[in-house]
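These are my notebook entries on a structure that I looked up. I kept them in the order in which I worked.

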Amino acid sequence: MNVIVWAAVVLIGGAGSLLRFYADGLVSSVAGRDFPLGTMVINVSGAVVLGLLSGLALTSSQSLLLGTAAVGSYTTFSTWMLETQRLTEERQYRKAALNIVVSLALGIAAAALGRLIGQQL
Amino acid sequence: MASSSDDELPEEFRRVPDPSTDVTRIDASGAPDARSPRPAPGRRAALPRPDRREIAAVFAGGALGTLARAALAEGFPHAATAWPWPTFAVNIVAAFLLGYFVTRLQERLPLSAYRRPLLGTGLCGGLSTFSTMQLEIVRMLEAHAWGLAAGYAAASIAAGYAAIQVSTAIVRRVRVRIR
């Protein structure tokens, strides 16, 4: 772990966050903002990629840069929780529950599937 | 941060957010990205080159948040069947901060082109992670640590939700007292 790797973590983390910013804007502009679909799409797609990476034989630096930095910054837990809490504030309990259950179920399935694919490669 | 809005940078001041206009629209979505619905022309003076500022803010905040999360993850490695404290900690802290920032920026401070992208989308988004949490759960399931997997998922969601509730309430209580 040298300085260059950590500098790359910083740059990749910024880029991953920007990718999330654009992806959320794109999904929301297509699907609307009645349901936080943007965050769900981002999180599930990130989970499948991280699962795939975990199935590959990566060095610790590769794992840090591609997994922790790139995919980790692309996905978000805090926004998922904020959007859920705001839905319950508006008494949209069904949507809030769906947002939790579907994200979690699809997220685990996506990570498991990606891992399986990665292990076959 | 817990100060009255008057001592915040006046340079970004455009107008005090009015809860009856587009602020509720943003709040209704709860989406912490800065791509809030653009106000109709004339409702708010366009900020100079907001997109470039937004992009730089998301990048800078995301870089910082990711560095903190990566440093914790590297500094405190754990076995697949141990409680993932680094991920759990950054996620709950990021949720608390996001609830604080977003509520304060939407309901307390004048509209700003870069604060929410910097602090919300960037810092909190980069600090927290969903994918790592899911992979940790999958690894627990692979190790047949069913209780740990269920407990970790439930505790993360319960604590993350509670963190948003508490930080939101803190901002709103301050607001009421100042009024």
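I began with the largest nonpolar core, which in this predicted model has 65 residues. I took a nonpolar core to be a set of buried Ala, Val, Leu, Ile, Met, Phe, Trp, Tyr and Cys residues joined through C-beta atoms within 7 Å. A residue is buried if 20 or more other C-beta atoms lie within 10 Å of its own, with C-beta atoms placed from the backbone. The residues with the most contacts inside the core are A111(A), A94(B), A95(B), L98(B), F101(B) and C124(B). I noted that α3(B) supplies the largest share of this core, 11 residues. In soluble globular proteins, nonpolar side chains tend to be buried together.

I recorded two conventions. Residues are numbered from 1 along each chain as its sequence is written, while chains are lettered from A and ligands numbered from 1 in the order in which they are written. As the model is predicted, local features need pLDDT of at least 70 and side-chain atom pairs count only at pLDDT 80 or more, whereas totals for chains, interfaces and linings use all residues.

I then turned to chain A. I found 5 helices and 0 strands in chain A; helices (H or I, at least four residues) and strands (E, at least two) are DSSP runs, numbered from the N terminus. Of its 121 residues, 51% count as buried. The C-alpha trace of chain A spans about 50 × 30 × 25 Å along its principal axes.

Next I looked up where the chains meet. In this interface, 49 residues of chain B are in contact with 50 residues of chain A; contact requires C-beta atoms, placed from the backbone, within 7 Å. On the side of chain B that touches chain A, α2(B) gives the most, with 14 residues. By class, that side has 25 nonpolar, 19 polar and 5 charged residues. Here Ala, Val, Leu, Ile, Met, Phe, Trp, Tyr, Cys and Pro count as nonpolar, Asp, Glu, Lys and Arg as charged, and the others, Gly among them, as polar.

How do the axes of α1(A) and α4(B) cross? They come within 10 Å and cross at roughly 115°; axes are lines fitted to C-alpha atoms, for helices over the stretch in contact, and angles run from 0 to 180 degrees between N-to-C directions. The contact is made by G13(A), S17(A), R20(A) and F21(A) of α1(A) and T121(B), G122(B), G125(B) and G126(B) of α4(B).

Technical notes
Contact = placed C-beta atoms within 7 Å. Buried ≥ 20, exposed ≤ 12 C-beta atoms within 10 Å, placed from the backbone.
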